[in-house]
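Please look over the sequence and the coordinates before reading on.

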Amino acid sequence: MIPVFSIVGSKSNTGKTTILCKIIEELKNRGYKVATIKHHTGDFEIDQPEKDTWQHGQAGADTVIISSPVKMAKIEKVQQEYKLDEIINRIQNVDIIITEGYKKENKPKLEVIRKEISENLITKEEELFGIVTDFPLKNEIPQFDFEQVEDIVNLIEEKFFKK
């Protein structure tokens, strides 16, 4: 089974995407294959208006796949949101899956918190394996500042890869 954890924060602009991208880069530097799943609360578009795949969707296609020698993407219209585990079960050929968002799911969490946004954690302590923060918190969970990416990835390796 592929290990999964979530990067969460109370609101936008806490630095979740920034720290996630730094973690991805460091994991890739260490030779890991990484998948990410981003949770979005509303509708979104990934194909550009007037491009072929966009036109396929506008014409009524329920699933549009674009494929090339270097990447493939699937756009599927859904009647209801897939559960996180259903999405995870569709992913193959990676060493780890990192989600951004999914605050309420039952995955281990790395919470990102900034004093200017919120001073309170949103995650129950038993669900947290680490915290990225710009101020000290009073708990026993490993804490890192935003520049300690190597240390964060060391913790990820220890928690998810070392048997």
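The questions and answers below go from the whole chain to single side chains.

Q: In what order do the elements of the protein chain run from the N terminus on?
A: This is a predicted model, in which local features need pLDDT of at least 70 and side-chain atom pairs count only at pLDDT 80 or more, while totals for chains, interfaces and linings use all residues. Residues are numbered from 1 along each chain as its sequence is written, and side-chain values use heavy atoms, with hydrogens and water left out. Helices (DSSP runs of H or I, at least four residues) and strands (runs of E, at least two) are numbered from the N terminus, and the protein chain has 4 helices and 8 strands. Their order is β-α-β-α-β-β-α-β-β-β-β-α.

Q: What percentage of the residues of the protein chain counts as buried?
A: A residue is buried when its relative accessible area is under 20%, exposed when over 50% and partly exposed in between, with a 1.4 Å probe and protein chains only. Of the 163 residues of the protein chain, the buried part is 38%.

Q: How far apart are the mean positions of the positive and negative charges of the protein chain?
A: Lys and Arg count as positive and Asp and Glu as negative, without His and the chain ends, and each charge is placed at NZ of Lys, CZ of Arg, CG of Asp or CD of Glu. For the 24 positive and 29 negative charges, the mean positions are separated by 2 Å.

Q: Why do F5 and F129 count as edge-to-face?
A: Rings of Phe, Tyr and Trp (its six-membered ring) pair if their centres lie within 6.5 Å, and planes under 30 degrees apart count as stacked, over 60 as edge-to-face and the rest as tilted. The ring centres of F5 and F129 are 5.2 Å apart, and the pair is edge-to-face because the angle between the planes is 85°.

Q: Which residue lies over the face of F146?
A: A charge sits over a ring if NZ of Lys or CZ of Arg is within 6 Å of the ring centre and within 35 degrees of the ring normal. At 3.8 Å from the ring centre of F146, the residue is R114.
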